[in-house]
Amino acid sequence: KMYGTIGIFKIQPGNEEAAASHFNSWWSDRAPKVKGAIAGSVHRNGANPSEFILSVVFDSKDTYEANAADPEQEKWYQGLRAFLAADPRWMDGDVLGCIHV
């Protein structure tokens, strides 16, 4: 069963492009070393351009939790946290559908 998270992020004004680049760099820098990562997306809230919404899908809860516990993931997150105005809001859970066209 697929598993993942949705995060809602308040970006510090002026750091939107840097934060988007950091999010996207996960797939080139971290993903090759992370088992089970399937998909991810980053959205900018049209009504609030400094709010980003992240979605990440893993092939199982086990691979998701292994990544979350990896010190390299924590290091990546701390790099992201520098761009944020507040701690993000997270919602972890089963992924009921993940479609790629």
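The lining of the second largest pocket divides into eight nonpolar, seven polar and two charged residues. Here Ala, Val, Leu, Ile, Met, Phe, Trp, Tyr, Cys and Pro count as nonpolar, Asp, Glu, Lys and Arg as charged, and the others, Gly among them, as polar. The model is predicted: local features need pLDDT of at least 70, side-chain atom pairs count only at pLDDT 80 or more, and totals for chains, interfaces and linings use all residues. Residues are numbered from 1 along each chain as its sequence is written, and side-chain values use heavy atoms, with hydrogens and water left out.

**Second largest pocket**

- The volume of the second largest pocket is about 210 Å³, a volume being the space filled by probe spheres set on grid points that are joined across faces, edges and corners.
- A pocket is found on a 1 Å grid over the protein atoms alone, as an open set of points where a 1.4 Å probe fits, with protein on both sides within 12 Å along at least five of seven lines; lining residues have an atom within 4 Å of a point.
- Its lining has 17 residues, and I6, S55, V56, V57 and V95 lie nearest the centre.
- Strands β1, β2, β3 and β4 are the elements that give two or more residues to this lining, and β4 gives the most, with four.
- Helices (H or I, at least four residues) and strands (E, at least two) are DSSP runs, numbered from the N terminus.

**Largest pocket**

- About 410 Å³ of space lies in the largest pocket.
- Of the 19 residues that line the largest pocket, L54, N67, Q73, W76 and W90 lie nearest its centre.
- At least two lining residues come from each of α1, β2 (37–45), β3, α2 (61–69) and α3 (71–81).
- By type, the lining of the largest pocket has twelve nonpolar residues, six polar and one charged.

**Strand pairing**

- Strand β1 (residues 3–10) runs antiparallel to strand β3 (residues 48–58), and eight bridges join them; two strands pair if DSSP finds at least two bridges between them.
- Within this pairing, T5 has V56 as its bridge partner in β3, and G7 has L54.
- Strand β1 also pairs with strand β4 (residues 89–94), in the antiparallel sense and over six bridges; the bridge partner of Y3 in β4 is D94.
- Strands β2 and β3 are antiparallel and joined by eight bridges, and they form a hairpin with two residues between them.
- H43 stands opposite I53 in β3.

**Aromatic pairs**

- The whole structure holds eight aromatic pairs; rings of Phe, Tyr and Trp (its six-membered ring) pair if their centres lie within 6.5 Å, and planes under 30 degrees apart count as stacked, over 60 as edge-to-face and the rest as tilted.
- W26 and F58 make an edge-to-face pair, because their ring centres are 6.4 Å apart and their planes are at 70°.
- This pair links distant parts of the chain, with W26 in helix α1 (residues 16–29) and F58 in strand β3, 32 residues apart.
- W26 and F58 are both buried, that is, under 20% relative accessible area with a 1.4 Å probe and protein chains only (exposed is over 50%, partly exposed in between).
- F58 also forms an edge-to-face pair with Y64, at 5.7 Å centre to centre and 80° between the planes; Y64 is buried, as is F58.
- Ring pairs link Y3, W26, W27, F58 and Y64 into a cluster.
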